[in-house]
Amino acid sequence: MNAPLSPTLELAFQLLQRPSVTPEDAGCLELIGKRLEAIGFRLERLRFGEVDNLWARRGNSGPLFCFAGHTDVVPTGPLERWQTPPFEPVIDAEGYLRARGAADMKGSIAAMITAIEAFVAEHPDHPGSLAFLLTSDEEGPAINGTVKVVEHLQARQEKIDWCLVGEPSSTTQVGDVIKNGRRGSLGARLVVKGKQGHVAYPHLADNPIHRAAPALAALSAEIWDQGNDFFPATSFQISNIHAGTGATNVVPGELEVLFNFRFSTEVTAEQLQQRTENILQQHGLIYDLEWTLSGQPFLTAAGSLVEAAVTAIRQVTGHDTELSTSGGTSDGRFIAPTGAQVVELGPVNATIHQINERVRAEDLNQLQQIYQVLLQQLFRNARPD
């Protein structure tokens, strides 16, 4: 006979059974809302466009601690390549919980909910306030989710002091890495103009590929900064190049290049844009350039939240943690500019977005304990920095 599931795993199963492929929520927020209402949270359901969001708060005074996350998941990919159906969670013989969203990030959400339930049961009259900010628009465009909820809160001057985002931050064991910041992300679409013609008569054409190649090489070789104690050096990466009609005997008239900067606090988005355009102009290109700033870099270098997270991990797991700003963006980029201390702490990220996504079931139980101890540490004095 199988052993009964822990409260965290039981809730994780319920969430994972819902096919909430972005931007669909598939009833996850309704399930979560009922759990939170039962322990005294006030719910505010916020819908922007086609996206469902939830703001839930318990308490009226500060400081305010917020768990933040998302109920949406990425598409499954080919179903035939999954060992088990992606929305039928199972714990396999090796102790792994398998399902789409197990690691990113319904497992974290389940651990957050059960940690809050346990904390409130122990401290029904806790100082300060607890909150949840949950969206179904993190894996998609991220324009009607957390960013809109934050704007809504700012409009009525409701301020988050501490925020823990449950993104899968760990590398090999739960809690070995905390993301205490993220690099900025600046993307661009470059269209280099030329003149279409026959390859046999190059003097009658103007090949934009040939023109752009030295400029792209210069951009790739450019040292944008040296990074600092918290951030690696800014990186420039070309993600796509497209030109031509498909015919081998036609010089294309345009070249499209997509590229992205992941940048540190040593350089601004405006400086990157200007330096890029300077290089393009030095090579005499005729071009159009569209920029998209997905997020500014942010850092929570030290303070009560980082200290509480480090202490909780050590107390529960017995090992130390590493502070890191590596990886992609998260919704923390929308919360940090409000002045909140923000960290990301979640399960191992080895299989996120992959076929057969999985996480160790016991890791989610351990994560619940870490979250609960972190709350105890923070509200022991209940004074943000």
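These notebook entries record what I looked up in the structure, entry by entry.

**Ground rules.** I am working with a predicted model, in which local features need pLDDT of at least 70 and side-chain atom pairs count only at pLDDT 80 or more, while totals for chains, interfaces and linings use all residues. Residues are numbered from 1 along each chain as its sequence is written, and side-chain values use heavy atoms, with hydrogens and water left out.

**Salt bridges.** I took a salt bridge to be a side-chain nitrogen of Lys or Arg within 4 Å of a carboxyl oxygen of Asp or Glu, and by this rule I find 17 salt bridges. For location I used DSSP runs, numbered from the N terminus, with helices (H or I) of at least four residues and strands (E) of at least two.

I began with Glu30 and Arg45, whose closest N and O atoms are 3.6 Å apart in a salt bridge. Glu30 sits in helix H2 (residues 28–37) and Arg45 in strand E1 (residues 42–48), so this pair ties together parts 15 residues apart in sequence. For accessibility I call a residue buried under 20% relative accessible area, exposed over 50% and partly exposed in between, using a 1.4 Å probe and protein chains only; Glu30, with 39%, is partly exposed.

Next I looked at Arg156 and Glu44, whose side chains form a salt bridge at 2.7 Å from N to O. This pair links distant parts of the chain, 112 residues apart, since Arg156 is in the loop between helix H4 (146–155) and strand E7 (162–165), whereas Glu44 is in strand E1. Arg156 is partly exposed, at a relative accessible area of 37%. I also noted that Arg156 and Glu44 belong to a network of salt bridges that links them with Arg57 and Glu158.

Arg189 counts as partly exposed at 33% relative accessibility, and Glu290 counts as partly exposed at 49%.

**Cysteines.** Counting as a disulfide a pair of cysteine sulfur atoms within 2.5 Å, I find zero disulfides in the structure.

**A three-stranded sheet.** I followed an open sheet of three strands in the order E4-E5-E19, with antiparallel pairing, where two strands pair if DSSP finds at least two bridges between them. Its edge strands, each pairing on one side only, are E4 (90–91) and E19 (358–360). E4 pairs with strand E5 (residues 96–98) over two bridges, and I see Val90 standing opposite Arg98 in E5.

**Asn207.** I placed Asn207 in the loop between strand E11 (197–198) and helix H5 (208–221), and at a relative accessible area of 17% this residue is buried. A polar atom of the Asn207 side chain lies 2.9 Å from the backbone nitrogen of Ile209. Leaving out residues up to four places away in sequence, Asn207 touches Val251 and Pro252, with contact meaning heavy atoms within 4.5 Å.

Key:
A polar contact is a pair of N or O atoms within 3.5 Å; within protein, one must be able to donate a hydrogen and the other to accept it, and residues adjacent in sequence count only if both atoms are side-chain atoms.
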